[in-house]
Each structure stands twice: as C-alpha cells, then as structure tokens.
Amino acid sequence: MNVEFEADHDALLQSIVDVALAIYGAAASSIFLYDTERDELIFRAVSGQGQGLLVGRAFPSSQGIAGWVLSSRQAMIVDDLTGSDHFARDIAESTSYVPRSLMAVPLLHDDEALGVLEVLDPHPQARAAIAELELLVMFARQASVALRVTRNYAQAVRADPNARRRQETRRLLSALTELVEEDSGPLPRR
Amino acid sequence: MPAADLALTWSLKDRPDDLDVTTTWWSRAPDLAGATGRGVRVCVLDSGIEPGHPAIGPIQGSYAVLAEGDGTVVRETEPGDVCGHGTACAGIIRKIAPECELYSVRVLGPGFAGRGNVFVAGLRWAVEQGFDVINLSLSTTRRQLAEDLRAVSDDAYFRRTVIVASAHNLPVESYPWRFSSVISVGSHAEGDAALLIYNPRPPVEFFAHGSDVEVAWPGGGRRRCTGNSFATPHVTGLCALVLSGCPGLTPFQVKNALYMNARNVRREP
C-alpha cells in the first residue's frame, strides 16, 4: 500500500480514538479491524492505556465484548466488568488492562462489520445513557469510512498492480519538479 | 402526520411526560396482573442461549441455522451461546415472564459470510414453527433483504406470531423493525424496568428499559448493560404475559394491549 496513504489513514484512525478518549474522559480507546480471512480482530489504533503496545495484536473475533458487538452488530455499554468471568480475563490477557466499564460500537458498511470501536472506562458522567452511545456512533461512522477507503484502495491496487507504480512515479516526478523549480524557477507547463 | 414529518427515531430523548396520548377505551385493556407467560412459546433469534444459567433456567429447544451448499438448513443443536447477546436477552424475558417456554434459534456466530441470508432463513423457520412470540434484538441494513423480511413479517402477522424487533442503535435504516407488521422497540433513558412508553411519533412504536439494565452474562453471572438490544426483550416478555392471560390474540391485538398498558397513554373517562 502507498506509504503516504497508509500514514494518512493511520493518522485519521488515531485522531478518532484520541478524540473519543478526550471527550469521554476515558482510560483508553481502540479501533479493531476485522480480518475476514483469519476471522480475527486486530488492534488498528489505540489511545491511552496500551498505546504503542497493542497495534497489530490480534485475537479471535468471537472473543470478548468486541466479539459480541461484532457478532450482534449492536452497540452497547457494559458496567461492572471487574469480576473474574471469562470476558474480563480475555480483555486482561490481550491488553494488560481490565476496565471497570466499556462502550463498544460496531463499524459497519452496508451489512458488513468492518470492525469495532471501543472506549474503556469512560468518565462515569459520560456513559450515563443511550445518548452517549449515539455520540460514540458518530465517531464510529468516521472510522467505518476510513476503514472502507483503505480496503477499497487495497482492492484497487490488487486489481491493477501497475497503479501503485504509476502513483509512485507521479509522486517522484512531482517531488523532482519541486526540487528543480527551487533551483531554476518555474518550469513551463503543458 | 405527513410522511415528511416522520423523522427516524432510535431512542427516546424526550421525557416520557412529553409524549402524552389519550384513550377512551382503556377498560378493554387486558389485565396483566398475575400473568406469568405460562403456555406461551417464545423464540430468541440470536447468538444462542447459555444452558443452565441461573437467570434463565430451562430452555425448551436449541436450534441453529447453518450454511449448507448454496442454501441454509436449520438443525437442532447443543445449547450454547457463541457470544452472550442471546443469553442477555433470554434472561430479561425470563425475568418478566418466568413461566414462558424459551427456544433458541442461533443465527449469529463466528464466520460472518452470508449472515443476512442466515438471519432471514432463521426468522422464516421460526415463523413456520408457530412460536407465539419471536424476540429479534437484531436487524439487517441490507436493502436486498428488506422484501424477503417484509414477506416473512407479514406471514408472521397473519399466523399470529408476534415479532418484537429492536430498532437499530445506530442512525441507519435497517429491517425488519421498520415494518408495521412487527412491534418495534427502542430505549428510553429512565431507570425504570417496568416503564413502557408508546411513541406517537413512529416508526419506533414503543420505548422500554434499555439503559443500565441488569442482564444475564456468559459464565453464569450478571452485568449491567445499555443498548436497544436490552429494551426489546422487555417488550417480548410483556407480550408473553398478554398472551398467557388472553391466548389466541392476534399481533394487532397484542400491540393494542401494549398501547393501553403504556404509561404515557392517559385514560380518559
């Protein structure tokens, strides 16, 4: 995938979890991408607890609350998670952090689940009701668009392998033109 | 109300007092006092139901929709829940209608290919079995499936099977909760498990307790959850109570009974 494109895409996903973290006064926020071939959820962006450690880590798609939300395609808030049931252990094993509460929203396109957006330990006043879930849904829609654009781009590159080379050539030509113009002034345009 | 004024609604943001509705024939409302759901067959179309959960008790049957060849097949299966969503819904139904019969039809699970078709096949099968009430804390956004779901929902309506369908938590069009042949449910934000609100501004027709709800949790425990998924089984449980008190009511009559028992429907002399 084009390096610049991927960097922009990562920055967009990171900004979504950063803003979610700030708005909810949360301990962490994550975006998981669903890998259909491996049937796994992969940490794609993390803010707060686990940032810098978890991106790229994968776990089975049926595991934990992210798996529940992916499967049911329904957003939810869960409280009282500190018990020792298997859901909490799953989370602890994969993130080294056990939240007390969690908000989770599926990332949807048409009827397809692309992934999950989670907010861990939101401030108690910020998880009071359904209205807070709807706010999180707005972020989820941004993340869904970002994931969809990436997937479409990757598919286009697979369908036309030369597209990536042409794009890279255009990028290099553009950079070269800028360099020449810095030294000799504007070049004639056709 | 002009169609243009029919804003999509997913949850109740107003206070229930703001949705004042009146009825002059409230004396026809079925009395739910003493009803337990006995004799009513309730189907939970979801991720399965965990067996032996103390909040749920016995399950009368467990089935799963499976992909087979180019189509699907419904098979009896070992009881179990692949993620916990169905268990949470079943626990709420059991709490409200403790003596109803509970059946599980699993349409969710690992491997999501063709999920929409599995959903339709499961609903069609459940309607053919003649369950009295079907809980659908699910929906699909695939427009290609809308007509199939509409046909199945109409079939259920005429066969006296009540479909209780969750409005999507997300502001997107999805089905079958949008159809008038089903009973659609969203969440109110009140902490009152017994509060049922009729919505005079459809398409969501009823709001029930979906915020900070105690639900059955995988592994035998309980947790507090929020979402439209958990409002829907409250109404399913109420439908089971209505039908145990007045067997044979049509879905239209059951919906009317809910309307007359909604707390914002004011009784005029």
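Is B:Arg38 buried or exposed, and what is its relative accessible area?

Tutor: B:Arg38 is exposed, and its relative accessible area is 56%. On this scale, buried means under 20% relative accessible area, exposed means over 50%, and partly exposed lies in between, with a 1.4 Å probe and the protein chains only.

Residues are numbered from 1 along each chain as its sequence is written, chains are lettered from A and ligands numbered from 1 in the order in which they are written, and side-chain values use heavy atoms, with hydrogens and water left out.

B:Arg38 has a partner: the residue forms a salt bridge with B:Glu99, and the closest N and O atoms are 2.7 Å apart. (A salt bridge is a side-chain nitrogen of Lys or Arg within 4 Å of a carboxyl oxygen of Asp or Glu.) The two residues are 61 positions apart and link distant parts of the chain, with B:Arg38 in the loop between β1 and β2 (41-46) of chain B and B:Glu99 in the loop between α1 and β7 (101-106) of chain B. (Helices are DSSP runs of H or I with at least four residues, strands are runs of E with at least two, and both are numbered from the N terminus.) B:Glu99 counts as partly exposed because its relative accessibility is 35%.

B:Asp155 is partly exposed at 32% relative accessibility, and B:Arg159 is partly exposed at 44%. A further bridge connects B:Arg263 with B:Asp192, whose closest N and O atoms are 3.0 Å apart. B:Arg263 sits in the loop between α5 (251-261) and β15 (265-267) of chain B, and B:Asp192 in the loop between β10 (183-188) and β11 (197-198), so this pair ties together parts that lie 71 residues apart in sequence. The relative accessible area of B:Asp192 is 25%, which makes the residue partly exposed. In chain A, salt bridges link A:Asp35, A:Arg38 and A:Glu40 in a network.

Residues up to four places away in sequence aside, B:His85 touches several others, including A:Trp68, A:Ser72 and A:Gln74 of chain A, and B:Asp46 and B:Ser137 of chain B. (Contact means heavy atoms within 4.5 Å.) B:Val182, in the loop between β9 (162-166) and β10 of chain B, is buried at 0% relative accessibility. Its C-alpha lies 6.0 Å from that of B:Val164, a residue 18 places away in sequence. Apart from neighbours within four places, the contacts of B:Val182 include B:Pro176, B:Trp177 and B:Lys255.

Helix α1 of chain B also takes part in a pocket. (On a 1 Å grid over the protein atoms alone, a pocket is an open set of points where a 1.4 Å probe fits, with protein on both sides within 12 Å along at least five of seven lines; lining residues have an atom within 4 Å of a point.) The second largest pocket is lined by 16 residues, and those nearest its centre are B:Ile96, B:Ala193, B:Ala194, B:His209 and B:His234. Two or more lining residues come from each of α1 (85-96), β12 (206-209), β13 (213-217) and α4 (228-245) of chain B.

(pLDDT is the predictor's confidence in each residue, from 0 to 100.) Among the strands, β8 (residues 133-136) has a mean of 98, the highest in chain B, whereas β1 (residues 21-23) has the lowest, 76. Over residues 1-6 of chain B, pLDDT stays under 50. Where pLDDT is low, the predicted coordinates should not be read in detail.

Methods
Predicted model: local features only at pLDDT ≥ 70, side-chain atom pairs only at ≥ 80, totals over all residues.
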